[in-house]
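Subject: The model you asked about

Hi,

Here is the structure we talked about.

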Amino acid sequence: MNKLKLNPTSISFLPVIVCIPLAYELLNNFHIGGIELFKEFIISSINPKINNEIIIILIERLNETIFIAFFSWLVSIIFGVVFGILSSDILYEIFILPKFLKKFLKFLLTISRSIHEIIWGIILMQIYGINFSVGIIAICIPFIAINAKVISEQLENINIATIESIKQINGIKFSSLITLVWSPIIETLKNFGLYRLECSIRSTAVLGLFGIGGIGTSIFLSFQTLNFRELWTYLWGLAFLIIISNELLKRINILNFSKNVLIFYLIAIFSISLFSLSFFVYFIFNKNTITFNSINNIFNSNSILFSYDYLKLLFDTIVLSLFSTGIAISFPPIYLLIFNNKTGIIILKSTSFLFRLIPAPIIILILLMFNNPTISLAATTLGFHNAAVTSKLLLENLHNQDKKEYIAMKSIGVSKRSSWLYGIFVKQARSYLAYCAYRSDIIIRETAILGIIGSVGLGWQLQESLSSFAWEEVLIILFSYSSIAILGELINGKIKSNLA
């Protein structure tokens, strides 16, 4: 009997085994109490509520969403570039600076991005109350760190011999730095930076579920009143905003800007940077100091966290991350292997779009209509929400894949599924897994949201601790989340290096 060999192709399918315990627990906790509501929810998707009043509210909410998302995206891009340069080797090589500064900055950025923007938002709301500024800053904190990491990694690819040549001819250091980093930064912004706007819109929508404003707040209020027709009006409005923003950004070619346009944008960016700095300073030091002083009692509060079995909550969170990642990795290739035809692909595209459109907290609230809150339910929600993203990438890559071997295999009588597996997917498996490794970093961070809404893991405890202003407990939970995220990032980094 041949032994199963682990390779990128088999590893792409193996995680599906997590579905066995998940399905068992979901079936044990299933009840039919919310089936009628679920039917109403599905039917409402093709019959959204449309009248003058709701259209006006929709426009107002979309304006709020655009304001928060665009401003936070722009600020995170600008400061992401700055911190990306400050945390890359090239700056320290050219200016001959001590590298412990870079390591310290990287440590701070790692901590910032290890905590999800929703957690930052909830914490800031407890301190400063609910306003748009909280939403902008909550998104900016991890987004700046993520953008800085991506840009820093791109700058690390600059040939060190070029820097040595500049040193030998005594070139102007600042001019040399700008010349060397300009092209990699523009290319990164073109491929990655523009995509971050969609992430910013989605994060704004999810923050809205917690009352920060924008379209998310209307979605949550409609869900609370079970007004599904109104809910779908807002969801389609959000879909319209994401599609339009993507199409507009695709048409921006930042490599072909004229000199005057470029100068205009540089002045605008410089002005926004100054405004952002003043905005952050004003926000931090000109708010309610009485509420802020409550943090001074952080080490005086009596923690009761350990009575809730802290280790169990930590274990639940790790299991939630692993199971969700397993679904996100294995579902797209397995589905395409079984339903590899035009109808199957159309269904996958449509379903994936809906799972990306509907915020994960709303999905789990819908599923809670006919299932009890469990780790399985949270993992299924988070897994399929992220599988919608991985399936989109896989479909795009498979579409652009050379199909000569697939056609040749079919012509000699090999079955369609085997031809697809060995003629197409095998070539994509390595890059697909590398992207899934990156995606698992996001999944680990998103366990906090599902934990809060789905009442499982550390996320649930975080909500309880914040509600009771138990800041010592909050610190312990944040440290735990940050540790899990950093450990996951290190493991995924090793995996990506091995797959490269």
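How much accessible surface does the protein chain have, and what share of it belongs to carbon and sulfur atoms? It comes to about 25100 Å², and carbon and sulfur atoms account for 68% of that. Areas here come from the Shrake-Rupley method with a 1.4 Å probe, and for residues only the protein chains shown count as cover.

Before you read on, keep in mind that this is a predicted model: local features need pLDDT of at least 70, side-chain atom pairs count only at pLDDT 80 or more, and totals for chains, interfaces and linings use all residues. Residues are numbered from 1 along each chain as its sequence is written, and side-chain values use heavy atoms, with hydrogens and water left out.

The overall picture

The protein chain has 23 helices and zero strands. Both are DSSP runs numbered from the N terminus, with helices being H or I of at least four residues and strands being E of at least two. Of the 500 residues, 50% are buried. Buried means under 20% relative accessible area, exposed means over 50%, and partly exposed is in between (1.4 Å probe, protein chains only). If you look at contacts between residues at least 6 apart in sequence, 82% join residues at least 24 apart; a contact means heavy atoms within 4.5 Å.

What the record says

The unreviewed UniProt entry lists several stretches as "transmembrane region", among them 66–92, 129–148, 205–225, 231–249 and 318–339. UniProt positions are in the numbering used here, feature names are shortened, and annotations may be inferred rather than shown by experiment. In the model, residues 66–92 are 93% helix and 0% strand, with the end C-alpha atoms 38 Å apart. Residues 129–148 are 85% helix and 0% strand, and there the end C-alpha atoms lie 29 Å apart.

Helix 16 covers residues 310–338, and its 29 residues should span 42 Å at 1.5 Å a residue, which agrees with the 42 Å between its end C-alpha atoms. (The expected span is 1.5 Å times one less than the number of residues.) There is a kink of about 35° at F331, shortly before the proline P332. The bend at a residue is the angle between axes fitted to the seven residues ending there and the seven starting there.

L394, in helix 19, is buried because its relative accessible area is 1%. Not counting residues up to four places away in sequence, L394 touches P332, P333, L336, F425 and Y432.

Helix 17

N341 caps the N-terminal end, with a side-chain oxygen 3.2 Å from the backbone nitrogen of T343. G344, L348, S352, R356 and L357 are buried in this helix. What do the buried residues of helix 17 pack against? They pack against helix 11 (195–209), helix 13, helix 16 and helix 19 (375–399).

F220 sits in helix 12 (residues 215–224) and is partly exposed, with a relative accessible area of 22%. Leaving aside neighbours within four places in sequence, F220 is in contact with L209, I362 and L365. In the loop between helix 12 and helix 13 you will find L226, which has a positive phi of about 55° although it is not a glycine. Further along, T233 is in helix 13 (residues 228–250). Is T233 buried or exposed? It counts as buried, at 6% relative accessibility. The side chain of T233 reaches the backbone oxygen of K49 at 2.6 Å, a polar contact (a pair of N or O atoms within 3.5 Å; within protein, one must be able to donate a hydrogen and the other to accept it, and residues adjacent in sequence count only if both atoms are side-chain atoms). Beyond its neighbours within four places in sequence, T233 is in contact with P48, K49, I54 and L58.

One more loop

I96 lies between helix 5 (89–94) and helix 6 (100–114). I96 is not a glycine, yet has a positive phi of about 50°, and it counts as exposed at 63% relative accessibility.

Cheers
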